[in-house]
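Hi,

Here is the structure I promised to pass on. Have a look at it first, and then read my notes below.

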Amino acid sequence: MATRDVEAGLLAHLSTNAEIADSRSFASSLGVPHKELEDVIKSLSAFRIVESADITKETWVLTDEAKGYAARGSPEVQLVAAIPPEGASKAALKEKLGDVVFDIGMKAAARNKWIGFEKGNKDLVLRKVEDTKDELQEQLKGLENGEAVAAKVIDDLKRRKLVTKEKTIWYSLKKGPEFVLKRKTLATDVTREHLKSGDWKDLEFKDYNYGALGQPIATGSVNPLLEVRGNIENIFIEMGFVEMPTNMFVESSFWNFDALFQPQQHPARDSHDTFFLKAPATTTQLPNDYLEKVKQIHQSGGYGSKGYGYDWKRDEAEKNLLRTHTTAVSARMLYKLAQEKPFAPKRYYSIDRVFRNEAVDRTHLAEFHQIEGLICDYGLTLGDLKGVLEDFFSRLGMSQLRFKPAYNPYTEPSMEIFSYHDGLKKWVEIGNSGMFRPEMLLPMGLPEGVNVIAWGLSLERPTMILYGIDNIRDLFGPKVDFNLIKNSPMCRLGM
Amino acid sequence: MPTVSVGRDRLFAALRRVYTQEEFEKLCFDFGIELDDVTTEKAIIRKEKHLEEDGGADGDEEVIYKIEVAANRYDLLCLEGIARSLRIFIGTEATPVFKLSSIPNGSMLQMHVKKETSQIRPYIVCAVLRGVTFDEVRYNSFIDLQDKLHQNICRKRTLVAIGTHDLDTLQGPFSYEALPPQEINFVPLKQERHFTSDKLMDFYRSDMKLKKFLHIIENSPEFPVIYDSNRTVLSLPPIINGAHSAITLKTRNVFIECTATDLTKANIVLNTMVTMFSEYCENKFEVEPVEVISYDGSKAIYPDLSCYKMEASISEILGRIGISLDETQVISLLNKMQLQAEPCPSKGGPRISVSVPPTRSDILHACDLAEDVAIAYGYNNVPKSKPKSMTIGGRQPLNRFSDKIRAEVTRAGYMEVLTFVLTSYEENFDMINRKDDGNKAVIIANPRTSEFEVVRTSLMSCLLKTLKHNIDHPRPIKIFEVGDVVALDTSRDVGASNNRRLAALYCSSNSGFEEIMGLVDRIVKIVRAPHITFSHPYYVETSEPEFFTKRQCKIVTSDGKQVGYLGIVHAEVLRKFGIPDPCTFVEIDLEALL
């Protein structure tokens with residue numbers, strides 16, 4: 001009988017009868033095993049179509065061994081019955097009855113004095129009684145038929161491991177609050193068949209587990225650091241900045257330091273701060289006219305400056321290095337701009353790698369990304385710089401700024417930029433800024449009165465703060481954390 | 001940036017006011033120095049000895065302020081200078097006028113310079129402080145300032161070295177000479193026996209502090225040395241002073257000599273020493289000059305405490321800041337920064353003449369005056385404004401193109417990694433079975449560790465290394481990077497050029513050779529343009545040692561130019577990186593596809 005028919009039979013019965021008192025007898029009336037009916041009852045109860053009450057009973061049931069004895073008699077009776085009048089050898093009996101029945105039967109029959117042995121031949125078993133009464137078989141049969149058995153007998157059978165306790169459950173049933181004669185089948189999904197057949201009209205959905213996640217999808221992912229880079233680039237472009245070509249990691253000391261009016265004895269030019277190169281060791285092509293002006297301004301000043309008053313060496317300027325800041329590129333761009341006549345104002349930005357020969361730790365790398373922005377025009381002021389910084393940093397979510405006087409060889413005035421951090425409850429330094437010195441701009445050939453306001457910061461620090469990352473190597477370098485890249489939220493800076 | 005440790009109570013006494021820490025931090029912020037740390041001598045000793053809290057360290061419980069100062073303000077490298085600058089800044093004191101004491105004719109101390117010094121350390125400048133009163137704190141500050149100057153402007157004594165002496169133990173005139181090391185014989189500071197200077201160099205080779213300076217003279221056939229008229233050695237610059245003339249708390253008259261390879265810096269150093277400590281002289285801020293007489297007969301008198309005169313227009317100063325003030329206001333702001341100024345006649349707008357005292361060697365140009373006015377006015381009081389010019393934003397085409405490729409490869413299901421440009425020689429060549437032909441890679445001259453020996457010429461080892469560090473990630477692993485490699489390039493001024501590359505790596509239980517080809521097919525499809533064409537087949541078999549043979553090829557455009565290569569990574573390469581599963585790698589030159 002199919003499950004559907006069992007369910008139909010049960011519901012039909014209940015619709016005309018008040019209840020089913022005993023599911024076991026109902027199962028046998030349908031001619032199905034109780035287990036099958038039980039499944040139907042559980043399903044109907046869950047939807048409150050029927051109400052079921054459990055009926056439990058503990059019963060003693062025979063073990064497999066005991067079932068054998070109930071059918072064929074106790075071992076001792078079997079043994080006695082197997083002995084012919086002339087007696088039998090132990091080996092013959094064992095073969096006939098099997099080891100277990102033989103062993104148990106021999107012991108019990110001997111205790112009951114039902115058997116004896118021929119004198120002088122312990123191997124020949126003789127039958128000493130004609131008629132044996134099999135009490136054990138009667139007890140076991142009684143139990144099997146559900147007859148009441150004395151507790152003492154049960155204890156005895158338990159000891160002989162012939163009975164075990166078993167719990168049985170069945171049910172009494174009546175109509176539930178949602179009783180129907182025929183229930184609808186619930187759908188889990190809409191199929192092409194549903195649409196085609198028109199079944200979708202009667203479709204009722206099974207409840208959905210919204211606590212479960214959907215299917216994981218195979219997807220690519222971008223590196224969060226570069227995601228932040230992209231958003232900051234957008235901010236620059238919105239503000240009218242054009243990107244500088246920074247794809248040149250190798251730079252000469254001339255463009256990296258000398259052009260920026262950074263004296264040749266400056267500590268940043270020490271080998272423990274800068275990566276110098278063995279190959280290509282030097283730059284020999286430098287713009288000679290300009291180089292001569294740079295030499296003059298360092299050595300003896302000019303353009304209203306006193307200069308540093310030291311012996312400037314071309315060798316020192318020719319030394320190649322991995323650029324320590326993208327300002328080397330800014331210097332090249334400003335020099336190029338100075339050669340273009342007439343002068344046109346510019347806003348430049350770049351975000352690219354710079355290199356420092358420093359010890360690496362959780363927050364410092366030997367190579368990292370520098371963000372740089374600069375504006376070049378007539379008459380720019382420190383107030384303009386503050387205004388531009390406010391525009392820029394407020395788009396990064398930092399609108400409360402403070403400025404501290406600072407020192408930088410190529411800017412004057414110079415300002416460190418601080419922002420109030422709500423989480424840390426203090427002012428934190430977020431970047432550096434300033435106005436390029438005339439000693440840097442005038443030798444390039446930029447017109448008198450043209451100023452450059454500029455600022456810089458690292459890309460890594462704000463990204464670490466934004467994503468709550470305490471080890472930069474999770475984002476950058478061979479030890480990146482794949483799961484971090486995969487699970488990072490999109491960057492909303494500047495949105 | 002240098003950091004100066006000063007006793008808080010001593011500092012506040014010098015400022016004649018007690019500040020809360022918050023108030024003091026605010027003052028520092030406005031002036032442009034920073035209270036970096038607050039500690040005690042006891043805590044410093046505990047830290048040095050790695051003792052527990054309250055462990056039995058000796059030392060004072062006096063609170064010490066560690067103050068970070070600008071690298072070009074040598075006058076802020078001691079308590080005296082910081083306190084004086086702040087007093088002037090807050091207006092409780094005027095800038096002192098430093099002057100040379102008038103010495104009767106013929107009685108000025110002399111320093112004779114011998115010709116041989118020009119080969120090793122050509123310059124010397126000197127000065128005398130008379131009637132100095134030291135106490136322990138002043139004495140320590142005097143020693144610390146010399147240390148700080150040696151570390152900073154003196155570039156670890158290479159450019160300038162300072163020697164200070166108890167003048168009453170010496171007899172002028174003095175001579176600055178250069179002699180063969182074995183001829184110089186004296187008892188050095190903190191020692192009790194005589195050394196010849198060659199032996200002394202050997203002796204100091206194990207001295208933690210002094211061994212760093214030996215290289216400055218040790219290869220010279222002659223060492224610089226200063227004698228008095230009794231041939232008493234004052235010092236063996238830039239290594240050590242003699243014990244004979246050592247300064248003590250009782251010293252009253254101090255002789256200061258600075259030997260140098262850079263005369264400008266020697267003057268700055270000498271001026272810093274005397275302007276700071278003439279504060280404790282009997283005649284405050286008065287310094288006794290010394291005549292330096294060169295072997296060629298030329299004479300000069302040091303120290304040069306004259307003020308540097310500058311002229312600037314008010315509009316030049318204020319125009320840089322973006323505020324409007326009158327001359328008097330500008331002058332009073334400059335006064336707060338130790339700069340004296342007065343209006344000077346002009347035909348155009350108002351101009352001022354500024355006197356820069358010897359303490360402010362950092363002032364080089366009118367832009368420095370603008371900064372000082374802005375600081376005195378308050379950076380945070382300067383009104384914000386907006387630059388007026390209209391400009392158009394834009395990006396570098398290569399970077400924009402790279403971003404489009406990055407987006408496409410991400411859409412293809414690859415994860416973006418970001419690796420270092422610097423790598424080891426072994427990883428860039430040997431580990432991927434490649435040979436260095438010596439004319440490709442940029443080599444670092446001073447790598448701190450083997451990780452920074454060479455600039456990568458390919459992204460291959462970078463991606464393999466990244467894969468190795470994430471080897472437990474579920475398969476298939478698909479990673480990529482768009483980044484620059486660098487190669488030697490004689491057509492560029494610097495001799496090297498970057499090249500933008502796309503690299504992708506597939507790793508699973510099978511090699512994914514066809515997966516990577518599928519990615520390349522996709523790239524080829526989207527980069528097609530009138531000037532970038534591919535014809536079938538664009539894969540041409542190769543035989544490179546980093547890949548399995550017969551499972552590697554190059555990618556060529558229709559005019560036969562190679563733009564990339566790919567292959568199943570050779571088992572030997574995988575073994576070197578410790579990767580147990582097969583991989584396919586592709587690298588494409590994006591600049592060739594732009």
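Let me start with a sheet in chain A. It is an open sheet of three strands in the order 1-6-2, with antiparallel pairing. Strand 1 (19-20) and strand 2 (50-62) of chain A are its edge strands, each pairing on one side only. Strand 2 runs antiparallel to strand 6 (residues 163-175) of chain A, and 13 bridges join the two. On terms: strands (E, at least two residues) and helices (H or I, at least four residues) are DSSP runs numbered from the N terminus, and two strands count as paired if DSSP finds at least two bridges between them. As a reminder, the strands of a sheet pair through backbone hydrogen bonds, either parallel or antiparallel.

Some housekeeping before the rest. This is a predicted model, where local features need pLDDT of at least 70 and side-chain atom pairs count only at pLDDT 80 or more, while totals for chains, interfaces and linings use all residues. Residues are numbered from 1 along each chain as its sequence is written, chains are lettered from A and ligands numbered from 1 in the order in which they are written, and side-chain values use heavy atoms, with hydrogens and water left out.

Now the interface. The contact (heavy atoms within 4.5 Å) takes 107 residues from chain A and 92 residues from chain B. About 8,200 Å² is buried between the two chains, and carbon and sulfur atoms give 57% of that; buried area here is the accessible area (1.4 Å probe) that two parts lose on being put together, summed over both. On the chain B side, Phe29(B), Arg320(B) and Leu418(B) lose the most area to chain A, together 10% of what that side buries.

On the polar side, the count between chain B and chain A is 52 residue pairs in polar contact, both residues at pLDDT 80 or more. A polar contact is a pair of N or O atoms within 3.5 Å; within protein, one must be able to donate a hydrogen and the other to accept it, and residues adjacent in sequence count only if both atoms are side-chain atoms. Strand 24 (residues 477-488) of chain B gives the most to the side of chain B that touches chain A, with seven residues. By class, that side has 41 nonpolar, 27 polar and 24 charged residues. For the classes, Ala, Val, Leu, Ile, Met, Phe, Trp, Tyr, Cys and Pro are nonpolar, Asp, Glu, Lys and Arg are charged, and the others, Gly among them, are polar.

The chains also share strand pairing: strand 9 (residues 277-279) of chain A and strand 22 (residues 443-444) of chain B pair in the antiparallel sense over two bridges. Ala279(A) stands opposite Ile443(B) there.

How many salt bridges are there between chain B and chain A? The count is ten, where a salt bridge is a side-chain nitrogen of Lys or Arg within 4 Å of a carboxyl oxygen of Asp or Glu. One salt bridge joins Lys404(A) to Glu34(B) (3.6 Å, N to O). There is also a network of salt bridges linking Arg229(A), Glu233(A), Glu243(A), Arg395(B), Asp403(B), Arg406(B) and Glu416(B). Over all chains, the count comes to 58.

Two others sit within single chains. Glu238(A) and Arg395(A) form a salt bridge at 3.5 Å, N to O. Glu238(A) lies in helix 11 (residues 224-238) and Arg395(A) in helix 16 (residues 382-395) of chain A, so the pair ties together parts that are 157 residues apart in sequence. Glu238(A) is exposed at 52% relative accessible area, and Arg395(A) is partly exposed at 32%. In chain B, Arg360(B) and Asp362(B) form a salt bridge, their closest N and O atoms being 2.8 Å apart. Arg360(B) is buried at 1% relative accessibility, and Asp362(B) is buried at 10%. The cut-offs are under 20% relative accessible area for buried, over 50% for exposed and partly exposed in between (1.4 Å probe, protein chains only).

Last, Gln265(A). This residue lies in the loop between helix 12 (253-256) and strand 9 of chain A and is buried, with a relative accessible area of 18%. Its side chain makes a polar contact with that of Lys265(B) (3.5 Å).

Cheers
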